[in-house]
Each structure stands twice: as C-alpha cells, then as structure tokens.
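Hi everyone, thanks for making time this morning.

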Number of protein chains: 2
Amino acid sequence: MGTALLTDLYELTMAQSYREHGKTGTAVFSLFTRSLPPERNFLVAAGLETLITKLEQFRFTADDIAYLGTLGIFSRDFLTWLEQFRFSGTICAVPEGTVLFANEPILQIEGPLPEAQVLETLALNCIHFETLVASKAARISAVGRGKSIVDFGFRRSHTTEAGIAAARAAWIAGFDGTSNLEAGKRYGIPVVGTMAHSYVMLFDSEDAAFRAYQSSFPDRAICLIDTYDTLACTDTIIRLAWEGVPVPGVRLDSGDIGMLARDVRERLDAADLAGIRIFVSSNVDEYSIDRWLSSNIPIDSFGVGTHFITSSDAPFLDMVYKLVEYEGTPRFKTSPGKTTFPYRRQIVRHYREGILAYDEVVRTGKDLVPGLLEPVLTDGTIVRPLPSPDAIKERCSREIASLPSPFRSLEKQHYDVRILP
Amino acid sequence: MGTALLTDLYELTMAQSYREHGKTGTAVFSLFTRSLPPERNFLVAAGLETLITKLEQFRFTADDIAYLGTLGIFSRDFLTWLEQFRFSGTICAVPEGTVLFANEPILQIEGPLPEAQVLETLALNCIHFETLVASKAARISAVGRGKSIVDFGFRRSHTTEAGIAAARAAWIAGFDGTSNLEAGKRYGIPVVGTMAHSYVMLFDSEDAAFRAYQSSFPDRAICLIDTYDTLACTDTIIRLAWEGVPVPGVRLDSGDIGMLARDVRERLDAADLAGIRIFVSSNVDEYSIDRWLSSNIPIDSFGVGTHFITSSDAPFLDMVYKLVEYEGTPRFKTSPGKTTFPYRRQIVRHYREGILAYDEVVRTGKDLVPGLLEPVLTDGTIVRPLPSPDAIKERCSREIASLPSPFRSLEKQHYDVRILP
C-alpha cells in the first residue's frame, strides 16, 4: 500500500514543472502555525510518528501511476520519476509533546525542490490534526486540577483513523485513558468504560440492571443513573450499597450536572457512602470542567467526548507549509496578513527559574544550532527510533509544568516569540 | 485486517453481560440526529458505503482477542464468542444523498442484542462524519448559484481518511471536483488544482513563473496573483495574455477578496480579457460565498478548504444510537432533553407539487411500510450492490431541488417532522 496519492493535485503539477525548468536545487520548507486561535494559549506538537510512518510508505504504486496517466496532465518522463520516487531529503522536527507557539516551526523539510514540494499535503495533514487535538487535550487537562479525565469521543471523531490518532494525542497531552479499544491495543493506553442507557433500559428496573452488571464485572460497575430520574436512582444505588453490592461509582450524563452532582454527593455522603465516586460525561469540555471545579462541584472524573475530539471551539489551526530557502537564498511572500519569514530556523527557548520566559526563532545553517528542532530523517533515513507514547506523555507533562501558570488557564495569554531577522 | 476493535470498551462489557443474563433476544437500534445545529436547515445522509465496507471486515483477529485477554475483564467464554463474531442481523438505511431532518432514523440495526450493541460506535462514527460533511457541502453548494465549487481541504481534514471521505461526501452533495488525488482515483471525482505561492516565489518574477507553468501545462495555468501585489500582478497577466500566452484564470488567496475581485475583473475587462476567470480560495465558506455573490462580486469559481472539511461552524451533530425495541416491546428513556421515541420506524415523506411538505415518522413492523428506509443488509448479507458516487450525486441533486427554497438559504428554517405515537 502506497501513501503517495495522499496529496493534492497541484503538488504534482508543480513538481513536474519544477523538473522541466531545472528547479531541482535544495529547498527548505517550514511548517508552522501563523497565529493561535483566540481559544488557545499554546500548542502541543504531535503527529510526527504518523507522518514518519506514512512517509516510509510514500511511494506511487503501479495503480497510482496508471491513474495519474489517465488524467492526461503528466508527461511520461514525470510519471517515470514518480515511479521511482523516494524522499531523499532531511526532516528536522520539534519532538512530539513539546509546547509551541505561533510562528515557531514544528517541522523543517529540506530536499530537492520537487521532492520536498510533493510532501506538503501529507505533512500538513498529519501534523495539523494531531497537534490540534493534543493542544485541545492539554488545555482540558490543565483545568482539571488533577481529576481523572478520559477520552470518550470515538463515535464523533472525523473517521475512525481520527479517533485513534486523537486517543493517542489525548494520552500524550495528559488524559488518563480512552474508551477506544484499537487505540488501547496499538498504544498501550488504559481503556475505560461504563454502561450505556440501552443497558439500563434492557432490564426491568435500574436495580436489576446494576445487579446484573455488577455480577458480570464485580469491581467495575460505574452505574449510569440518569436514564429515568437521577435522584430516585441515587436512592437505588444507596440501597444496593447498603446490601453489600460494591458500587465504585455513578455516572451523570444529562440534566443540570452541577446541581445533580451536589445532590447526589449529599445523598451518598449522608448514607455514609463517601467512597462512591461521581463520573460526569455530558457535554464536557474545558469550560464546563473549569466552571464546575471553580464552584467546588463534587465531581471525581470526567469523560470528554465530542468537544475534545472535534476540537469544537477551534476545529482547525492556521498551519502552513512555506518555502523559506532555495539554493541557500531566502524566500518569502508579502501577501497581506500572510507574510512569511525566510531562512532555515531554530527555536531557542529561554527560561527563568525553570519557567518559560521567551523564545527566539533564530537563523541557522545546515548544522542546526542547539534548540527545539532535532533531526528526524537524514538522507531519507530515520535518524533514531521515535519515542514511545509514554515517553512523549512524560515529556509533555514536564513541558506543561514549565508554562507560566496563566497559560494553563482559559484566559487569553500571549507568549513572547521573537523572530530574529 | 479486522475492524472490530474500532469500538468503545463498554460495547463489549455490555455484550458480555447481556450474554451472561440471557439478554440475547432481538433488539432494534435507531441511529438519528436529535436536533440540527442552528447553522443547518437539513442533513444529507452519507457514510453508508464506508460503514458497510467496514462491517464486511468486522471480525476480531487473533491479535485482537489476545489484546482483549490481557485486560483481565472478559471471560474465556465471551472471548470465544468474539472470535466467531459475525453480524447476523439486518440493517435498513436511508440511501446516501437523501435529505433528512432531526429525529429521522438514518439507520435501523436489528439483530441479537449483543451483536447489535457491538456495532454502535462504528456505525455512529461512519454515518456521523460523512453526514456532517455532506450536509456542510450541500449548504455551501446551495448558495453557490451554479458557480463551480471545489474541495481544497485535504491538508486540514482530521486525518487523511477524513480527507478522502470528505471529498466523496462533497462530490455527492454538489461540489464539482477535489484537489485530493486518492479520492479522485478511488471515486472517479474530477481532480483540480492551481499553483502554490512557493511556485511563484521560486522564479525570479511572477512573469517568469506563469510562463514556466504555462509551458508545462498549456491550458491549465490558473495563475496565483497575490504573492506580492495583486493589482500589479494583474497587469503582468494582461501583458502575458496580450502576448498570446493562454491564461484561463487567476486565483486570489488573500486580502479583501470582494474589492480585489472587482478591481481585477475591471482591469481584465478593460484589456478585453473577459474570458479570464477569477478563482477564489481564501477563507471561503457558505457565508462568504453568499455575501460575495449577493453583492455581485465577479467570482467564477471557489476553492473551499478548511471551513468545509472541518465543518467549522458546526463540527459535530447530536447523532445517537438508541435502543427502541427489545423482543417486540418498546424501549425509551426519559432523561431531560434526551427523550427517545420507541419502536421500529419508517419515514414517510409528503410532497406538494414536487416540493417537500412534511415527513411522518411512523411505526412499522418487521416488513417495512414503504418510505425512505430500505433494507441494506439481511441476515448479515448485503441485499444489493451499493450505488456509485455518481448515482448518489444525481439522487442528492434531485433531493436538494425538492427542498422548499428557503431551506437552501442561510436563514434558519424548521421542517415539519411528525413523530407518530
């Protein structure tokens, strides 16, 4: 299976034209975000593993070539070149899990111009989406005050591939688990789940449903208590618990969560059941979590779905792939609002007592000065094994801890990024 | 390759518990959207082909079973059942390309309860995303007044799989092409593209860049004219055209598009170049298209990217999969704001002079009364070949033409859907 048709037509028409006009010198492209959405104070770099994995299979199959031939656009010579296409260049990247800001390159791709051009769409696609959801997950985690937060979004992700990638991004960025089994298997993420309304509706009573679930999974019965009447159901839970049926937690999925969580907690505590945890999964995002926890609503754990997995308040980033150098000379455009910064760059981060102070985006030669960007692929070959999701998660946790604390709030902050001339 | 781990953990824990408690009778689940986003007047059903394709591979591989075994949750008996899992039930669905509204089932899945439960996540994932983007594309097309509209979103789709599925959904729902080569190959969608800023920046002048592109692709040089100064570049285009270099069109990608398009058109017309078309690709969505076309801005063609492919103004639908019948008896829940309607249903559509008047969602037995829902899978086997994307596109075009015209505008409308008791 080749991945090389995962691109836009114009990458190939430009590549053919470059070759026809002798534009095959070394080009450097930079992949960065022009500005952050108003709803984000920082980004978390992600998607590199997906990109590298797809690049390893980046070849045009016989089928692909036959299809391209039918378009009547490409020359025989160019199709032959595509047949033999292997990316022979160099990629430098900021490691996954690193905190980044606007105008900082996540990736720099260097290689013969037609080759580097052809990677544009795939590079953007992989880095954009995973950085988007990792950044959203980090923002959600940051307001969670250490409470458990898990990914329940698989049904609303934009395809199953997106659900798997998002579960990984969320794990990296601070979530504690996912409901997504494929992601659990692939990345070793703890998998979690409760029960659906359909389960409760299948039995003659909520009492019967909870007993049945508990008999199947003795220690795992997080009981969904909002199918009919949440407070009446809380009393059912209390009766069960007093009978000795172990109930580790209850889940709220509708209604006025703040009020219900307080009432449920009060009833449980009054019944001496302080150990039963309250799990919430209705319409959860960083705004509701922050509101609930700021008002001391007694919630122990959050299942975050749709709003996380679609990054609903900011479903895209203004991320671009721009030519910055060709044969050693700088390139930039001056379109209004879309000015770019020329030259190969490095990000040099400055700290004050372990906390981020400001970044400089400095010019650098082929041998990078030390900084956030590191070689990943040299002459088409991977430099070193990519880190595991757990290692990336650790790195990300340190990164987020090093942010000035207002950046972890929902109030808009602007980080000092200095683009040196 | 199996697709059965593309699910949430709780589908499997519930299935095990159902089996342990003899709940293996016939269940009917309905997949529908509870309410439309304020930004949508109708939906376009899509995603069925993806779902059916994935269901054909819906089995747990030896690897999957081994992974599930490591979780320490499932019984040996249940894992054996999963090993042999094949969906043996029945699926009825509204054909792709059909216009739908809130509370109308897109899909009804009927089968032994544990089997039908296990399909929930995958069914929602496939139908939700493609319906979401098909509906967005139809809304964009509907305000396009017959102008050409193409999908340029691949770089911002939520994974490559989403980009391919969205390109297909857009084609079905009225777009004229896509930049996405894999989608072009797979679905026979016309592929389109222009040139990037990097191309223009690679040459010593815009003049040289356009000549180079034109020499590579004599009839395809849609020249990108905003890299430096749009109006100065328009004069370059005029000189080229007067010299006899064929320029079929120019593309605007930044700045005040309305003003620039007028100025560029004026200059081109004054130079007797009325044949050169204006193509716009900056920040395009249904709102900007409607605004430009309502003000008679002379644009011939739109490239729609990010806002389409992420459905940015409404990046998800409130789509659910609900148990409506078990062993012939109705099931429903009464959670506030989340009440469901019991029974297997059919959608009966009523017209007035060929235009949609109202829909009835009626109860029906195992043999459906005639209506929008049709059998797709019976006893686990596909009933008839699925229609081609082109056939679906035709159907969708007729469907959208049958909407009362205000539903094709951006003003909020409410369609009359009657849920019969």
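Let's begin with how chain A is put together. Among the contacts in chain A with a separation of 6 or more, 75% are between residues 24 or more positions apart. Keep in mind throughout that we are looking at a predicted model. Chain A has 15 helices and 18 strands, and of its 421 residues, 64% count as buried. If you draw a box along the principal axes, the C-alpha atoms of chain A fill roughly 80 × 55 × 40 Å.

Now, please find strand β1 of chain A, residues 26-33. How many of the residues of β1(A) are buried? Seven of the eight are, so this strand is largely enclosed by the rest of the structure. Let's look at its partners. With strand β5 of chain A, residues 107-112, β1(A) pairs in the antiparallel sense over six bridges. In that pairing, A:A27 stands opposite A:G111. With strand β12 of chain A, residues 319-326, β1(A) is joined by seven bridges, and these two strands also run antiparallel. There, A:F29 stands opposite A:L323. As a bit of background, strands of a sheet pair through backbone hydrogen bonds, either parallel or antiparallel.

Let's move over to chain B for the sheets. One is an open sheet of seven strands, in the order β13-β12-β1-β5-β3-β16-β17, with antiparallel pairing. Which strands stand at the edges? They are β13 (329-330) and β17 (381-382) of chain B; each has a single partner strand, so one side of each is left without a neighbour in the sheet. At the β13(B) end, strand β12 of chain B, residues 319-326, pairs with β13(B) in the antiparallel sense over two bridges. The bridge partner of B:E325 in β13(B) is B:P330.

Strand β15 of chain B, residues 355-363, is joined to β18(B) by three bridges, and the two run parallel. In β18(B), B:R418 is the bridge partner of B:E360.

Back to chain A for a pair of helices. Helix α7 of chain A (residues 160-172) and helix α15 of chain A (residues 389-401) have axes that come within 8 Å and cross at roughly 45°. From α7(A), the contact is made by A:R168, A:W171 and A:I172; from α15(A), the residues include A:P389, A:I392 and A:C396.

What about the nonpolar interior? The largest nonpolar core has 287 residues, and those with the most contacts inside it are A:F60 and B:F60. Leaving aside residues up to four places away in sequence, A:F60 touches several residues, among them A:L5, A:L12, A:I65, A:F85 and A:V118. In soluble globular proteins, nonpolar side chains tend to be buried together.

Here is a residue that links the two chains. B:R156 is found in the loop between β6 (148-151) and α7 (160-172) of chain B. Is B:R156 buried or exposed? Its relative accessibility is 10%, so B:R156 counts as buried. The side chain of B:R156 reaches the backbone oxygen of A:L317 at 3.3 Å. Residues touched by B:R156 include A:H128, A:D318 and A:M319 in chain A, and B:T306 and B:I309 in chain B.

Finally, two loop residues of chain A. A:D272, in the loop between α12 (257-270) and β10 (277-280) of chain A, has a positive phi near 70° without being a glycine. At 66% relative accessibility, A:D272 counts as exposed. A:N296 sits in the loop between α13 (286-294) and β11 (301-304) of chain A; its phi is positive at about 55°, although it is not a glycine. With 60% relative accessibility, A:N296 counts as exposed.

Key: Residues numbered from 1 in each chain as written. Chains lettered and ligands numbered in written order. Heavy atoms only, no water. Buried < 20%, exposed > 50% of the residue type's maximum accessible area, 1.4 Å probe, protein only. Helix = DSSP H or I, 4+ residues; strand = E, 2+ residues; numbered from the N terminus. Pairing = 2+ DSSP bridges. Core = buried A, V, L, I, M, F, W, Y, C linked by side-chain atoms within 4.5 Å. Contact = heavy atoms within 4.5 Å. Polar contact = N/O pair within 3.5 Å; in protein donor to acceptor, adjacent residues only side chain to side chain. Axes fitted to C-alpha atoms, helices over the stretch in contact; angles between N-to-C directions.
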